[in-house]
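Reader: I would like to learn how a predicted model is read feature by feature, with the general idea given before each case. Could we begin with the way helices pack?

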Amino acid sequence: MRPKPPLSKPALARYRGNWQSEIDSAAIYRAMAAAEPQTDLAALYRRLAQAEEGHALFWQRRLEQALGHPLQPRTSTRARVLIWLARRLGANAVLPTVMSQEADNRGSYDGQAETRSTTMPAQERSHARLLAHLSSRARHGWNGSRYAQLEGRHGASDGNALRAAVLGANDGLVSTFCLLMGAAGAQFSGSALLTTALAGALAGAGSMAMGEWISVQSARELYARQIAAEADELEQAPEEEREELVLIYQAKGFSAEEAQAISHRVMAQHGSALDTLVREELGINPDELGGSPWAAAGTSCAVFLLGAAVPALPLLWVSGPLAVQACAAASGLGLLLIGMGITLFTGGSAWRGGLRQLAIGAAAAALTYGAGRWLATGLS
């Protein structure tokens with residue numbers, strides 16, 4: 001029997017990428033299962049982990065055969081951060097990120113010859129569908145809040161709030177950094193720089209808080225009007241609303257007979273019917289209505305100030321030309337860390353994301369510094 005030819009570098013890299021992805025997914029699901037208080041949902045996460053562990057073993061065996069030595073599985077830095085977040089903030093804190101990752105990977109094995117005769121492509125697509133539609137499947141003991149969180153409809157909940165916090169801190173850092181560089185270019189004194197940083201941070205935080213409050217409050221008012229309109233339609237044309245439910249359940253994969261039976265049971269009670277129509281037809285969680293505007297405003301203000309503190313704090317201890325350098329160094333480090341943090345939700349290389357964020361922030365700061373110098377020269 002002729003020996004198999006050695007793997008090419010692209011094939012070896014693909015094997016390694018597949019293996020690492022499955023290792024990370026399994027570890028994250030295990031952490032989510034341990035952090036999930038709902039026993040049925042925790043059991044589901046454990047089943048997903050077992051499937052991913054089987055996939056990881058599939059690629060590990062092929063890699064070991066190609067390399068000629070055993071391998072030790074290790075989770076990536078990104079996975080370890082997500083596991084840390086799941087353990088401390090709960091499974092829902094990382095669920096939107098995991099859902100997005102599964103959606104991206106749902107067809108990853110479809111074109112790979114090694115998995116063509118296995119169940120792995122179908123399992124990956126099943127995982128993506130399961131996480132995307134988990135909220136639409138009626139399970140005893142799961143509440144409306146859990147449904148909305150699983151579907152990721154509300155930008156201010158759980159894992160999406162983590163994204164908002166990172167981006168809010170980035171806004172505070174970049175805007176304050178650029179403001180200080182503009183003032184430095186205009187050759188402001190040390191006390192004037194500190195005053196500028198404080199005024200800019202407070203103005204930006206107030207603007208962010210007000211904008212977030214208006215956004216969430218407007219959404220709540222819109223949702224309330226939509227729910228009232230749906231209640232009126234249910235009162236005036238119940239049969240039409242029942243037919244809409246039939247279509248919704250058929251779209252979810254139920255047969256026509258099953259959809260008819262479910263819709264009849266739902267419509268038998270007015271309160272249950274309205275709640276179901278609001279969730280299924282409008283995509284609104286009536287228990288939350290988009291969240292609290294005051295909580296959103298407070299969070300937005302806090303994370304903006306947190307980011308703004310990065311370039312401003314060095315001014316409390318350093319003065320003169322060194323203050324501008326310290327401000328730039330602190331801001332550069334902050335931008336690098338934020339860029340790396342964003343890749344937790346988007347995937348990709350942490351260093352590439354961090355350096356990209358640093359380059360963009362540095363370019364913006366250089367632009368405002370130049371504008372400050374030009375204005376100062378023109379005015380003088």
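Author: Helix 1 and helix 3 (residues 77-89) pack at an angle of about 5°, with their axes 9 Å apart, where axes are lines fitted to C-alpha atoms, for helices over the stretch in contact, and angles run from 0 to 180 degrees between N-to-C directions. Helix 1 is thus roughly parallel to helix 3 (under 35 degrees counts as roughly parallel, over 145 as roughly antiparallel, 65 to 115 as roughly perpendicular and the rest as oblique). This is a predicted model, in which local features need pLDDT of at least 70 and side-chain atom pairs count only at pLDDT 80 or more, while totals for chains, interfaces and linings use all residues. Residues are numbered from 1 along each chain as its sequence is written, and side-chain values use heavy atoms, with hydrogens and water left out.

Reader: Which residues of helix 1 and helix 3 meet?

Author: A contact is counted where heavy atoms lie within 4.5 Å. On the helix 1 side the residues are D24, A27, I28, A31, M32 and A35, and they meet A79, L82, I83 and A86 of helix 3. Sorted by class, this contact has 9 nonpolar, no polar and 1 charged residues (Ala, Val, Leu, Ile, Met, Phe, Trp, Tyr, Cys and Pro count as nonpolar, Asp, Glu, Lys and Arg as charged, and the others, Gly among them, as polar).

Reader: How does helix 1 (residues 9-35) cross helix 4 (residues 95-105)?

Author: An angle and a handedness are given together for such a pair. The two axes come within 12 Å and cross at roughly 150°, so helix 1 and helix 4 are roughly antiparallel to each other. The crossing of helix 1 past helix 4 is left-handed (the near helix is turned anticlockwise from the far one by less than a right angle; right-handed if clockwise). Helix 1 contributes S21, S25, I28, Y29 and M32 to the contact, and helix 4 contributes L95, V98, Q101, E102 and N105.

Reader: How do helix 8 (residues 190-236) and helix 12 (residues 293-312) cross?

Author: Their axes come within 8 Å and cross at roughly 155°, so helix 8 and helix 12 are roughly antiparallel to each other. Helix 8 passes helix 12 in a right-handed crossing, and the residues of their contact divide into 18 nonpolar, 4 polar and 2 charged.

Reader: What is the phi of Q187, and where is Q187 placed?

Author: Most residues other than glycine have a negative phi. Q187, a residue other than glycine, has a positive phi near 65°. Q187 sits in the loop between helix 7 (158-185) and helix 8, and with a relative accessible area of 62% Q187 is exposed.

Reader: How many helices and strands does the protein have?

Author: The protein has 14 helices and 0 strands (helices are DSSP runs of H or I of at least four residues, strands are runs of E of at least two, and both are numbered from the N terminus). Buried residues make up 40% of its 380 residues. Among contacts with a separation of 6 or more, 69% join residues 24 or more positions apart. The protein exposes about 20100 Å², of which carbon and sulfur atoms supply 60%, the areas coming from the Shrake-Rupley method with a 1.4 Å probe.

How values were computed
Buried < 20%, exposed > 50% of the residue type's maximum accessible area, 1.4 Å probe, protein only.
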